[in-house]
Amino acid sequence: MSKREFERKPKSDQPVLAVCYDFDKTLSPDNMQAQGYIQSVGYNIEDFWKESSELAESSNMDQNLAYMYKMVKEAEGNFVLNEKALNDYGAKVNLFPGVSSWFERIREYGDRQGVIVEHYIISSGLKEMIEGTKVAKEGAFEKIFASSFYYNERGVAVWPAQVINHTNKTQFLFRIEKGILDINDFSVNDYFAPEDVRVPFRNMVYIGDSDTDVPCMRLVNSYGGHSIGVYDAESKDKSKVYKMMRDGRIKYYVPADYSEGTELDLLLKAIIDRTAANEILENKYYACKKQTREFDNQGNREEQKNVIL
């Protein structure tokens, strides 16, 4: 058992709103691998994903493990697949309108309302590529939970270090809830009283674009949080968000335009406003519960004292 001391985020006096994002087709219009990497190994984008899917099916392999294996294999003889190469590919990834200013703008709005806003990535894409984006380099994200590689002594990617698929994404919501962000910190399984959790699920927002986000959306919804489906404003294809809405997976859907004054911008600000008001009531509720417990405990002590006398 590891004796490492893990850093944990303490509960704040102010309410914390955690805004969690998928990445591909949520913050970026396309899969990150299709914006430079696939082309660099001489593949047609559709062929690369077709072969990756066939590998997963024929080998009874996780889809994400399959694409990571194929990335390592196809890089051989073309270039060294190391962290820097993946960061450089990430720097070329396109982002939806307004994303570049979104994170700080929303944080600042939260500050004005007395709410700490934190942004998290929960993605099946590659952490190293997300870390190469301009917004990540500027410190947009509190934490990036994404698939990643293990690198050998020469710094070459040789094995998956972390693989995130649509079902195990939910574990990271529990980590955010308790402020236990290190993936090897197993105290995430410890019991926390509702009043002691750092970010209650009612103060979580999950923003995604497709079925792979459904488990997280469903979990956030079931505990009073907010799930938002986004669609490409250019193509205006709403088929996925309509399906998620019909199935009760999301509460809202809006175009993936993060610019100031857009539907998404106004919606997130309304959620921040609601969070600020709601936490006043929640704090009063827990204060009343605490006083009641103290009164009951005092009564029990008096009763025990009388019995002894």
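The lining of the largest pocket divides into 2 nonpolar, 13 polar and 7 charged residues. Ala, Val, Leu, Ile, Met, Phe, Trp, Tyr, Cys and Pro count as nonpolar, Asp, Glu, Lys and Arg as charged, and the others, Gly among them, as polar. The model is predicted: local features need pLDDT of at least 70, side-chain atom pairs count only at pLDDT 80 or more, and totals for chains, interfaces and linings use all residues. Numbering starts from 1 along each chain as its sequence is written, and side-chain values use heavy atoms, with hydrogens and water left out.

**Largest pocket**
- The largest pocket holds about 600 Å³ of space.
- A pocket here is an open set of points on a 1 Å grid over the protein atoms alone, where a 1.4 Å probe fits, with protein on both sides within 12 Å along at least five of seven lines; lining residues have an atom within 4 Å of a point.
- Grid points are joined across faces, edges and corners, and the volume is the space filled by probe spheres set on the points.
- Of its 22 lining residues, D24, N31, N64, S124 and T212 are the closest to the centre.
- Two or more lining residues come from each of α2 (45-58), α3 (63-75) and β2 (116-126).
- Helices (H or I, at least four residues) and strands (E, at least two) are DSSP runs, numbered from the N terminus.

**Nonpolar cores**
- The largest nonpolar core has 56 residues; F141, I207, I228, Y258 and L268 have the most contacts inside it.
- Its largest share, 6 residues, comes from helix α11 (residues 263-308).
- Another core lies apart from it, with 23 residues, including F145, F201, M244 and I250.
- A core joins buried Ala, Val, Leu, Ile, Met, Phe, Trp, Tyr and Cys residues through side-chain atoms within 4.5 Å.
- Buried means under 20% relative accessible area, exposed over 50%, partly exposed in between (1.4 Å probe, protein chains only).

**Helix α8**
- α8 is mostly covered, with 7 of its 9 residues buried.
- Its buried residues are T170, F172, L173, R175, I176, E177 and K178.
- Their cover includes β1 (16-21), β2, β3 (143-151), β4 (157-162), β5 and α9 (214-222).

- R107 sits in helix α5 (residues 99-113) and counts as buried at 19% relative accessibility.
- Beyond four places in sequence, R107 is in contact (heavy atoms within 4.5 Å) with V117, H119, G139 and A140.
- Y191 lies in the loop between α8 (170-178) and β5 (204-208).
- Y191 is exposed, at 70% relative accessible area.
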